[in-house]
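Thanks, everyone. I'll keep this short. Please look at the screen.

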Amino acid sequence: MNTAARHLPTDNLAWFKSSYSSNEGGNCLEVATHTSGIHIRDSKNPSEPVLSVSPSTWATFLDRA
């Protein structure tokens, strides 16, 4: 699996979270798609490092989730 936790310039990414997530401080992840891969971050700590995975790794994760 090709994953990396790193700091990314997040200004140009369109982040979204599940419609099942609430704004009540729960444990939520945000996801952004980009040509460089799929990027995942903690919605409560958006300035922290981002986990990046390849599109095929993300697809495998979704198939198995």
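Is Arg41 buried or exposed? Arg41 is buried, at 11% relative accessible area. Buried means under 20%, exposed over 50%, partly exposed in between, with a 1.4 Å probe and protein chains only.

Ground rules. This is a predicted model: local features need pLDDT of at least 70, side-chain atom pairs count only at pLDDT 80 or more, and totals for chains, interfaces and linings use all residues. Residues are numbered from 1 along each chain as its sequence is written, and side-chain values use heavy atoms, with hydrogens and water left out.

Now the partner. Arg41 makes a salt bridge with Glu30, with 2.7 Å between the closest N and O atoms. The pair links distant parts of the chain, eleven residues apart: Glu30 sits in strand 2 and Arg41 in strand 3. A salt bridge here is a side-chain nitrogen of Lys or Arg within 4 Å of a carboxyl oxygen of Asp or Glu. Strands are DSSP runs of E, at least two residues, numbered from the N terminus. Glu30 is buried too, at 13%.

Arg41 is the bridge partner of Glu30 in strand 3. Strands 2 and 3 run antiparallel, joined by six bridges; pairing takes at least two DSSP bridges. They form a hairpin with two residues between them.

How many salt bridges does the whole structure hold? Two. Lys44 and Asp42 also meet in one, 3.2 Å from N to O. Lys44 is partly exposed at 41%, and Asp42 is partly exposed at 26%.

Technical notes. Helix = DSSP H or I, 4+ residues; strand = E, 2+ residues; numbered from the N terminus.
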